[in-house]
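Subject: Structure for you to look at

Hello,

Here is the structure we talked about. Please open it first, then read my notes below.

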Amino acid sequence: MFEKDMVKILTTVIIECSESGLNNLANQYAIELMKENYKPLIPDAYKMRVDKIARKYKNDPDPPQSYSACPFCNFDLPDYVLDCNNCHNVIPFCIASGRHVICSDLTKCPSCNFPAIFSEFVSYLMNISEKKCPMCEDLVDHQLLEKLEDPLTYLKSRKIANLELHEREKRIDTARSEN
Ligand SMILES: [Zn+2]
Ligand SMILES: [Zn+2]
């Protein structure tokens, strides 16, 4: 995924989490986004809000770092790290928790197909009043979510789809600049 899209998506997730009372989660992402390389990419309308959420809990002790396996090579990585320094794949993040996805507990949004950690998505949906996907905002019934049987094929197909999208955008951009 490309940085700008990722920042936009994470911004949405932060606002959603914050509005759903998932303050610690919102705070963790917000701190991540306020780092130098991402801050300029946050949509202007949300910059102040993200900044505020990032500062809110700064006196809380850091939660202990936990690790989970890279879905592509099984190497243990910190939960929120999205690029594997063992196999160099970029790992998709879970739309419900922001952690990198794992093969053993993977599902996807039935509407937008974005990946999520099954248990995280279920508890996310159970804890909010409006049962909406944080990504596409369609209503999702957590009872209909299923663990993916072939997570790797799904992840690889998404990767190809992302690349194709990127290629298409690049072509459109080139066409524009030539005009
Ligand atoms: Zn890996
Ligand atoms: Zn969705």
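First, a term. A residue is buried if 20 or more other C-beta atoms lie within 10 Å of its own, exposed if 12 or fewer, and partly exposed in between, with C-beta atoms placed from the backbone. Asn-74 has 13 C-beta neighbours inside 10 Å, so Asn-74 counts as partly exposed.

Now the ground rules. This is a predicted model, in which local features need pLDDT of at least 70, side-chain atom pairs count only at pLDDT 80 or more, and totals for chains, interfaces and linings use all residues. Residues are numbered from 1 along each chain as its sequence is written, while chains are lettered from A and ligands numbered from 1 in the order in which they are written.

Confidence
The term pLDDT is the predictor's confidence in each residue, from 0 to 100. The protein averages 86, and 91% of the residues score at least 70. Helices (H or I, at least four residues) and strands (E, at least two) are DSSP runs, numbered from the N terminus. Where pLDDT is low, the predicted coordinates should not be read in detail.

Loops
Back to Asn-74. This residue lies in the loop between β1 (67-69) and β2 (76-78). Most residues other than glycine have a negative phi. The place of His-88 is the loop between β2 and β3. His-88 counts as exposed because it has 9 C-beta neighbours inside 10 Å. Glu-149 sits in the loop between α4 (118-126) and α5 (151-178). With 8 C-beta neighbours inside 10 Å, Glu-149 counts as exposed.

Helix α1
How does the span of α1 compare with what its 17 residues should give? The expected span is 1.5 Å times one less than the number of residues. That should be 24 Å for α1, and its end C-alpha atoms are 24 Å apart, which agrees. Buried residues of α1 include Val-7, Leu-10, Ile-14 and Cys-17. What covers the buried residues of α1 includes α2 and α3. Gly-21 follows α1 and has a positive phi, near 85°.

Two residues are in contact if their C-beta atoms, placed from the backbone, lie within 7 Å. Leaving aside neighbours within four places in sequence, Ile-14 is in contact with Ala-26, Tyr-29, Ala-30, Leu-33, Val-50 and Ile-53.

The core
A nonpolar core is a set of buried Ala, Val, Leu, Ile, Met, Phe, Trp, Tyr and Cys residues joined through C-beta atoms within 7 Å. The largest one has 35 residues, of which Ile-14, Ala-116 and Ile-117 touch the most other members. At least two residues of this core come from each of α1 (3-19), α2 (23-33), α3 (44-56), β4 (115-117) and α4. The core draws at least three residues from each of domain 1 (1-60) and domain 2 (80-174).

The two domains
Domain bounds come from an automatic or database domain assignment. The C-alpha centres of domain 1 and domain 2 lie 18 Å apart. Nine residues of domain 1 are in contact with ten residues of domain 2. On the domain 1 side, α1 gives the most, with four residues.

Best wishes
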